[in-house]
Amino acid sequence: MCGRMAHKELTWAQLAGWMQGLAPGAAEIETRYNVPPTAMIPIVRQGAEGLQGDLARWGLIPAFHRGSLKDWKATTINARIESVATAPSFRAAYRGGRCLVLASGYYEWQVRGGVKYPHYIRPSGNAPALLMAGLENRVRLPDYEGPTCAVLTEPVRGALAQVHDRMPVMMGLETATLWLGGYPIEELPRLPMEALGWHEVARTVSSIRNEGPDLIEPIEPVAPDLFSL
């Protein structure tokens, strides 16, 4: 899954220089290193005149929800590719609400000796962001009006399996238009694993109260307490 991400000095101007034809969102992206669900995160959708940036609330609210935002109790920050086409909360967005979710990196927790150790996963090269397959739905509720979104996840690939058993569906720039244009998720070319890098980070990122660039800094892997095994 993907339940925490970072926006390391991401700006629409920077992303527009990387994604040809991207129109910036109306509100700027906030630099944060510990972005939790329900936060406003950058997305890109296919607009009438090209790619359009926006900020969306992380946690998709489906069109059938008629209550307030606080009444929605389901966890809809991630959509599994195995069920996204049929799951009631996601199937409409899968058909007509595709987007890209952008992050400079995301966190996963590896379990060793019964203890969870966070790792930061990010581009291994010069790309400013990871492009994750996303879904969006715009809602008009008593306590929130605007876009909401989810990140698609799939079984992990390659050596990243040492950290977690799932990962976001990620793609390269050349594949983004395929996803936005309705290409089947099963056939979508994935970002090569060599385009990703990861390292262990301090456990302070586990609390959403903590913030700052030190959260993504690598640390020496912590050995598990053998007496807890």
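Ring pairs tie Tyr-107, Trp-109 and Tyr-120 into a cluster. Here, rings of Phe, Tyr and Trp (its six-membered ring) pair if their centres lie within 6.5 Å, with planes under 30 degrees apart counting as stacked, over 60 as edge-to-face and the rest as tilted. This is a predicted model, where local features need pLDDT of at least 70, side-chain atom pairs count only at pLDDT 80 or more, and totals for chains, interfaces and linings use all residues. Residues are numbered from 1 along each chain as its sequence is written, and side-chain values use heavy atoms, leaving out hydrogens and water.

The structure has 4 aromatic pairs. In one of them, the centres of Tyr-107 and Tyr-120 are 5.2 Å apart and the planes meet at 45 degrees, so this pair is tilted. It links distant parts of the chain, 13 residues apart: Tyr-107 is in strand β7 (residues 105-112) and Tyr-120 in strand β8 (residues 115-123). Strands are DSSP runs of E, at least two residues long, numbered from the N terminus.

| Residue | Relative accessible area |
|---|---|
| Tyr-107 | 0% |
| Tyr-120 | 3% |

Now for the strands, which pair if DSSP finds at least two bridges between them. β7 and β8 run antiparallel, joined by 7 bridges, and Tyr-107 stands opposite Tyr-120. Their hairpin has 2 residues between the strands, and Gly-113 takes a positive phi near 60 degrees there. On to β13 (residues 196-200): 5 bridges join this strand to β8, again antiparallel, with Ile-121 opposite Trp-198.

Definitions and conventions: Helices (H or I, at least four residues) and strands (E, at least two) are DSSP runs, numbered from the N terminus. Buried means under 20% relative accessible area, exposed over 50%, partly exposed in between (1.4 Å probe, protein chains only).
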